[in-house]
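Colleague: I would like to go through this model with you. Please show it first.

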Amino acid sequence: MKKPRKPVDMSSITTYPLRERINKTTIHDFATPPESEINLSPFLASLPKILKAPDFLSLVEDIVAAYRNKKPVIVMMGGHVIKCGLSPVLIELVKQGVITGFAFNGASSIHDFEIALIGETSEDVSAYLQTGKFGMWEETGQLMNTAIQRAADTGIGMGEALGKQLIEMDAPYNSYSLLAAGVQDDVPITVHVAIGTDIIHQHPSANGAAIGAASFTDFQLLTALVTDLEGGGVVLNLGSAVILPEVFLKALTIARNLGHTVSHFTAANFDMNQQYRPVENVVKRPTEMGGKGYTFTGHHELMIPLLVQAIKSRLSCSIGC
């Protein structure tokens with residue numbers, strides 16, 4: 001006879017103080033926006049008109065045009081972007097009003113939250129996995145799951161709830177947090193999770209129903225943002241290989257199903273390797289009816305600061321430069 005299978009009881013899980021964890025990423029190594037304005041326009045104009053260089057210049061112009069025409073610029077991003085120390089340069093574009101919305105996966109929200117909390121993130125998975133400590137950090141799980149429960153109880157999205165939690169706590173490193181910046185600058189940040197993929201799902205404080213409700217609210221919010229892409233909006237996928245390309249495809253389907261014409265917009269994928277879902281579900285399929293799609297392969301810590309500085313240069317450039 002087979003023993004009846006029951007879900008594991010997580011109430012006895014042991015968690016550990018976050019201060020005990022050794023981290024691989026610290027704000028001391030993060031990118032820092034230049035203290036003075038740097039005009040990249042002459043450099044950009046000097047690039048060869050071959051292969052990806054014209055595509056890069058076209059994308060920059062599309063983002064600048066979206067900003068000037070008050071069209072959405074939505075940035076979807078995986079956790080590696082935050083671990084590469086790029087939050088400060090992206091926050092610059094938030095403050096400038098260029099980026100109008102973010103979509104995170106679960107890892108992005110965790111790394112961003114921990115950066116705000118302790119100025120560090122990214123544990124050694126292999127080392128802590130051997131002892132059963134991987135992801136079992138008390139403050140990360142307790143604080144984030146509390147915020148997510150509040151999101152479910154009040155009908156707001158996960159991203160907004162996490163950002164508000166950081167603001168209410170006056171977390172010491174909020175100036176490095178996109179979640180906090182989203183609340184402060186009224187830029188929506190949606191968080192899209194798969195149950196069981198994130199370390200905070202391992203905690204006794206995790207409530208699957210609350211996680212699902214809060215993330216589903218964010219899915220609906222992202223869909224609302226996607227409906228406005230028509231006529232010059234831009235969507236960028238920075239390093240999400242699976243979750244966000246799939247979420248975007250479904251959000252776009254709903255928008256079109258509801259009668260919104262979302263055809264003429266720009267989509268671009270930045271990653272260290274071009275993979276199936278980002279290329280097909282962000283760049284190619286969504287733009288087949290008249291949009292533009294670009295792929296750029298390279299390290300985030302180089303490509304994203306270059307993109308941000310190019311955008312800033314074009315925004316500050318006088319006519320004809």
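Colleague: In which hand does α4 pass α13?

Modeller: This is a predicted model, in which local features need pLDDT of at least 70, side-chain atom pairs count only at pLDDT 80 or more, and totals for chains, interfaces and linings use all residues. Residues are numbered from 1 along each chain as its sequence is written, and side-chain values use heavy atoms, with hydrogens and water left out. A crossing is left-handed if the near helix is turned anticlockwise from the far one by less than a right angle, and right-handed if clockwise. For α4 and α13 the crossing is left-handed.

Colleague: Are α4 and α13 roughly parallel or roughly antiparallel?

Modeller: The axes of α4 (residues 87-95) and α13 (residues 300-316), lines fitted to C-alpha atoms over the stretch in contact, come within 10 Å and cross at roughly 25°. Angles run from 0 to 180 degrees between N-to-C directions, and those under 35 degrees count as roughly parallel. Therefore α4 and α13 are roughly parallel.

Colleague: Which residues of α13 make the contact with α4?

Modeller: Contact means heavy atoms within 4.5 Å. From α4 come Val89, Leu90, Glu92 and Leu93. Their partners in α13 are Ile304, Val308, Ile311 and Lys312.

Colleague: Is threonine 266 buried or exposed?

Modeller: Threonine 266 lies in strand β7 (residues 266-271). Buried means under 20% relative accessible area, exposed over 50%, with partly exposed in between (1.4 Å probe, protein chains only). Because its relative accessibility is 5%, threonine 266 counts as buried.

Definitions and conventions:
Helix = DSSP H or I, 4+ residues; strand = E, 2+ residues; numbered from the N terminus. Parallel < 35°, antiparallel > 145°, perpendicular 65-115°, else oblique.
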